[in-house]
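Colleague: I want to go through the aromatic rings in this model. Please show it first.

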Amino acid sequence: KTTKFPNASKTCLYNREQVITMTDTSMAAVLGEKYKEVDQYPVRARMPLPPFLFVSRIMSIDAEFGVFRPSSIVTEFDLDEDNVFRCSDRIISPLVASEASHVAIFLLGYMGLDAISQGTLSYRAIDSSMTAYSERPFRVGDTLRTVLKIDRFVKNGSTTLLFFTFESYNGDDFYGALKRCIDLYKYQPEKFKKLQKNCMSQDFS
């Protein structure tokens, strides 16, 4: 059985084929001539290839080539039967939600880190912490949506540290919950006030 994803052909900035091209062979083939020099470097910022590439499509990027400033990237990843983190018939390990943060590597390449360093720098994640906001597991057929935001850069000699936040969630669940909340507020204000009062009475310290 093959899972069909209704989002597979949705409008995006870069599709799966383009993402693989930029990862495996050439940034310039997709992004243009200013990345041509980058393609020649033996070491450059690139994500892993399938089956460890957890990006089906890039939805948006807020970043500039050659400019180190707060930047962001939004991606989606369709979870199918062949996912390496599938741990039962339909359940996907939550590890995929954290490992998908390797999109930070692509964002650095997009910003031109390799051109600036002339291919002398490699990327390593040195520390992280994760908070889970739901006990619902990811399942085959879900689409993982990720939002990565680089907040700041700190240079220390030849080393550049970056600090970023990374959110990953089932896109359908997130927007479904948001819509239900908005509808409750708009069409059933008394129930919304009751819910608000109940939440404010709880102690989450």
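Colleague: Is Tyr185 buried or exposed?

Modeller: Keep in mind that this is a predicted model. Tyr185 has a relative accessible area of 55%.

Colleague: What is the relative accessible area of Phe192, and is Phe192 buried or exposed?

Modeller: Phe192 has a relative accessible area of 19%. Buried means under 20%, so Phe192 is buried.

Colleague: Which geometry does the aromatic pair of Tyr185 and Phe192 have?

Modeller: The distance is 5.0 Å centre to centre. The angle between the planes is 80°. Planes over 60 degrees apart fall in one class, so the pair of Tyr185 and Phe192 is edge-to-face.

Colleague: How many aromatic pairs are there by this rule?

Modeller: Rings pair if their centres lie within 6.5 Å. By this rule the count is 7.

Colleague: Why is the pair of Phe54 and Phe77 called tilted?

Modeller: The ring centres of Phe54 and Phe77 are 5.4 Å apart. Planes under 30 degrees apart would be stacked, and over 60 edge-to-face. The planes here stand at 55°, so the pair is tilted.

Colleague: How many residues apart in sequence are the parts that Phe54 and Phe77 tie together?

Modeller: Phe54 lies in the loop between helix H2 (28-31) and strand S1 (57-64). Phe77 belongs to strand S2 (residues 67-78). Phe54 is buried at 2% relative accessibility, and Phe77 is buried at 8%. The parts tied together are 23 residues apart in sequence.

Colleague: Which ring has the charged end of Arg152 over it?

Modeller: The charged end of Arg152 lies 4.0 Å from the ring centre. The cut-off is within 6 Å. The ring is that of Phe163.

How values were computed:
Residues are numbered from 1 along each chain as its sequence is written. This is a predicted model: local features need pLDDT of at least 70, side-chain atom pairs count only at pLDDT 80 or more; totals for chains, interfaces and linings use all residues. Side-chain values use heavy atoms; hydrogens and water are left out. Rings of Phe, Tyr and Trp (its six-membered ring) pair if their centres lie within 6.5 Å; planes under 30 degrees apart count as stacked, over 60 as edge-to-face and the rest as tilted. Helices (H or I, at least four residues) and strands (E, at least two) are DSSP runs, numbered from the N terminus. Buried means under 20% relative accessible area, exposed over 50%, partly exposed in between (1.4 Å probe, protein chains only). A charge sits over a ring if NZ of Lys or CZ of Arg is within 6 Å of the ring centre and within 35 degrees of the ring normal.
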